[in-house]
Structures are given as structure tokens and as C-alpha cells.
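Please keep the sequence and the model at hand while reading.

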Amino acid sequence: MAFKEHHRDRGVRWRLSGRLRGALPLFIFQFICLNQAEAQIRYSIPEEMKKGSVIGNVAQDLGLDLKRLRSGRARIVTGENIQYTELKADKGTLVVNERIDREELCGDVTPCSFTFEILLEKPMELHPVTIEVLDVNDNAPTFQNSHLEFEISESAALSSRFVLESADDADVGENGLQNYILTPNDNFILKTHVNPDGSKYAEMVLQKPLDREAQPRLSLKLIAVDGGNPQRSGTVNIDVNILDANDNSPLFNQSVYKATVIENAPKGTPIVTVNASDIDSGSNGQITYSFSKSKAGIADLFDIDEATGNIYVAKEIDFEKDKKSSELKLKIKAD
Ligand SMILES: *[C@@H]1O[C@H](CO)[C@@H](O)[C@H](O)[C@H]1NC(C)=O
Ligand SMILES: *[C@@H]1O[C@H](CO)[C@@H](O)[C@H](O)[C@H]1NC(C)=O
């Protein structure tokens, strides 16, 4: 776009200088215009050609011999700040003089071209030359960040969507951004969408429930690829921290704890320690122990430490009185 502005500026300057110089230059100006229409040349070259690379044989394409180029002091006139091309009058060729970066010259605009004139004197001739600059896949898709982080609850609903960062590729057409790829994983699939301006973005969609206890953290990669040859790509790492939901119950490490206690054991005698664990985290995994209510009132004979699961004698046990059998059954709860 900047290039187009330049071009218009230059036209204005020519017209102004024609007017300022009076009648004769105005005549010359019109004469030039006539010639301009006759011998237009146009070349297509890839961007980023090496300095000195031949763009075309201007002498041949304009039907001029080398002598005429010399006697006419053939040269390039341009309104651009950068002299991208050079005329080799001894060979009649046009060569690359400065690095031509299509992205710098035209940005997103296609096709991309710039124009200048070849000027000869005695008699004066002016030949416009247009150089079309073709895109080369010299840019990879890039993400602004190298790392994305998500915190997602393991209770997140299926089909939940998480929008991912978009990549940019300065190249155009096939050489521009084509697609996104997410590293294979069990939980998320990738959906790619097209914005109204044609740019593409992707989101992760939850397709299998997350389970913090099975996998507390997922490390994924989002890859953006272009359609050039060779293909170029950019990558962003995605870390998903899975937040806990209270989806697990405490589990005892044994289904039965057996212990013996002697008759008349004093109050406070330790009997056994029970042990349960809960794989949920934080307060979801905290455990307190207590006895289930028992009809026979056996639980009254013992104390359980709510925090440690240690079971003690609570009051003197008299088997003859309390129970004919010497076996006591207790149910313990963990919450
Ligand atoms: C509870 O049991 C587990 C597995 O049997 C063991 O690793 C852990 O150390 C026990 N906890 C206590 C407090 O003894
Ligand atoms: C269960 O935990 C208790 C208390 O920590 C311990 O004494 C016992 O050995 C554990 N049992 C097993 C099977 O690990």
C-alpha cells in the first residue's frame, strides 16, 4: 500500500514540474506520455533474489541496441526511495540492486509490483517498466507467545471450548497460514474456524472428560503450518492444569482391621490404627474418621481419633457383661 502512495506522488510531481516550466516542457511531457503507451515492459521475479541477478534484457525487450543505450545515456528514473534495480547499459540488462522483500514492499496486497521508467536522451524516450514481485515462502507462521496455559476443572462439561492463540504468516496465498494441528491426545480435539477477514483460528474442544487423579497436567503443542514448499511451521506449547473436583471417596487400605485387646485394659490403651486415603486434592482429599452408629452401643467402648484413625479403649471392657463372644465388630467411616 505504501508503494501505491509513492506512485501517486510521483505522478503529481511530474505534472507540477511540467506546469512550472511553461509551454515547452508541457509539450515534452505530452510527447513522453505517447511514448509511454507504446513500449511498456513487465517482468515477474521472485522476491529475495541475490543482488546482481538478471531480471531481464531490457535492450532486447525494447528493441534498442546497445549503442543507442549508450548514446542516449539510458538510466532509471524512479520515485522510490530504494533503487531496487540497476540498468547495466553495457549489456542492456536490468539486474537486482537491492534486496526485494515482498512483505516489506506490499504487505498483504497482491499482486505486488513496482514501476519505474527507463529514460533515454537525444531524442528523449521514456519506457515504463513494471516489476511484479512473486511471493516466496520466506516466512513461517508465528505465534506471539511461545507458551499458553489453561486451568480447567476436571468436572468441565464435554464440548467445552477453549480458544487458542492465532498465528500470523507474512507470506500470501499458499505460502500463508493454512492450518492448525494439535498433538494427538485423548481429551481434546481441534476445531479450526475462519474469521470474516479470512484469517484462521483454532479452539480445543473437550471430547473426553478430564481426570485430575489420572493425569493432573497435560502438555500439548499447537502447530500452525503454511502451504509452501518446503512447508514452514510455528509451534506454541499448551499446558493444561487440571483443577480438582471432589469426585473420589476415601478408601481404606484394608477392608478389615483385626486387633485384640485384653480384658480390663485401661482407658486410653491403643488398639489399632485405621488408614484411609482420598486421591482428591486440597480440602477434597482431607479425611476425618468416625464410627458408624451401632445398635449394640459397642462404639461407646472405644474412641477414634478423628484425624489419625487411632482407636483407643474408651472405658473398661467387661466381656462377661458386655458380650458373650469375645469378638467385637466396629464399623468405621471416613469422610
Ligand atoms: C496408610 O496406608 C498406606 C498404604 O497402605 C501407606 O502408604 C501409608 O503410609 C499409611 N498411612 C499412615 C498414616 O500410616
Ligand atoms: C494400612 O494402614 C495401617 C495404618 O497406617 C498400617 O498399619 C497397615 O500396615 C496398612 N495396611 C496395608 C495393607 O498396607
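## Strands around β22

Strand β18 (residues 270-273) pairs with strand β22 (residues 310-313) in the antiparallel sense, over 3 bridges. Strands here are DSSP runs of E with at least two residues, helices are runs of H or I with at least four residues, and both are numbered from the N terminus. Two strands are said to pair if DSSP finds at least two bridges between them. Within this pairing, Pro-270 stands opposite Tyr-312 in β22.

Strand β21 (residues 302-304) is also joined to β22 by 3 bridges, and these two strands run antiparallel. Here Phe-302 stands opposite Val-313 in β22. The hairpin of β21 and β22 has 5 residues between the strands, and in this hairpin Gly-309 takes a positive phi near 80°.

## Basis of the model

The model is predicted: local features need pLDDT of at least 70, side-chain atom pairs count only at pLDDT 80 or more, and totals for chains, interfaces and linings use all residues. Residues are numbered from 1 along each chain as its sequence is written, chains are lettered from A and ligands numbered from 1 in the order in which they are written, and side-chain values use heavy atoms, with hydrogens and water left out.

## An open sheet of 3 strands

An open sheet with antiparallel pairing has 3 strands in the order β10-β14-β13. Its edge strands, each pairing on one side only, are β10 (161-163) and β13 (188-194). On average, neighbouring strands of this sheet are turned by 30° against each other, direction ignored; the axes are lines fitted to C-alpha atoms, for helices over the stretch in contact, and angles run from 0 to 180 degrees between N-to-C directions.

Between β10 and strand β14 (residues 200-206) there are 3 bridges, in the antiparallel sense. Phe-162 has Met-204 in β14 as its bridge partner.

## The disulfide and the cis peptide bonds

How many disulfides does a search of the whole structure find? The search finds 1 disulfide, a disulfide being a pair of cysteine sulfur atoms within 2.5 Å. Cys-106 and Cys-112 form it, with their sulfur atoms 2.0 Å apart. The torsion about the S-S bond of Cys-106 and Cys-112 is about 75°, so the disulfide is right-handed.

Most residues other than glycine have a negative phi, and most peptide bonds are trans. A cis peptide bond joins Thr-110 and Pro-111, with omega about -10°; Pro-111 is placed in the loop between α5 (102-106) and β6 (112-120). The peptide bond from Lys-122 to Pro-123 is also cis, with omega near -10°, and Pro-123 belongs to the loop between β6 and β7 (125-134). Lys-122, found in the loop between β6 and β7, has a positive phi of about 50° although it is not a glycine.

Which residues are around ligand 2? They are Asn-253, Gln-254, Thr-273 and Asn-275, where a residue is near a molecule or strand if one of its heavy atoms lies within 4 Å of it. This shell divides into no nonpolar, 4 polar and no charged residues; Ala, Val, Leu, Ile, Met, Phe, Trp, Tyr, Cys and Pro count as nonpolar, Asp, Glu, Lys and Arg as charged, and the others, Gly among them, as polar.

An N or O atom in the side chain of Asn-253 is 2.3 Å from an oxygen atom of ligand 2. A polar side-chain atom of Gln-254 lies 2.8 Å from a nitrogen atom of the ligand 2 molecule, and an N or O atom in the side chain of Asn-275 is 3.1 Å from an oxygen atom of ligand 2. A polar contact is a pair of N or O atoms within 3.5 Å; within protein, one must be able to donate a hydrogen and the other to accept it, and residues adjacent in sequence count only if both atoms are side-chain atoms.
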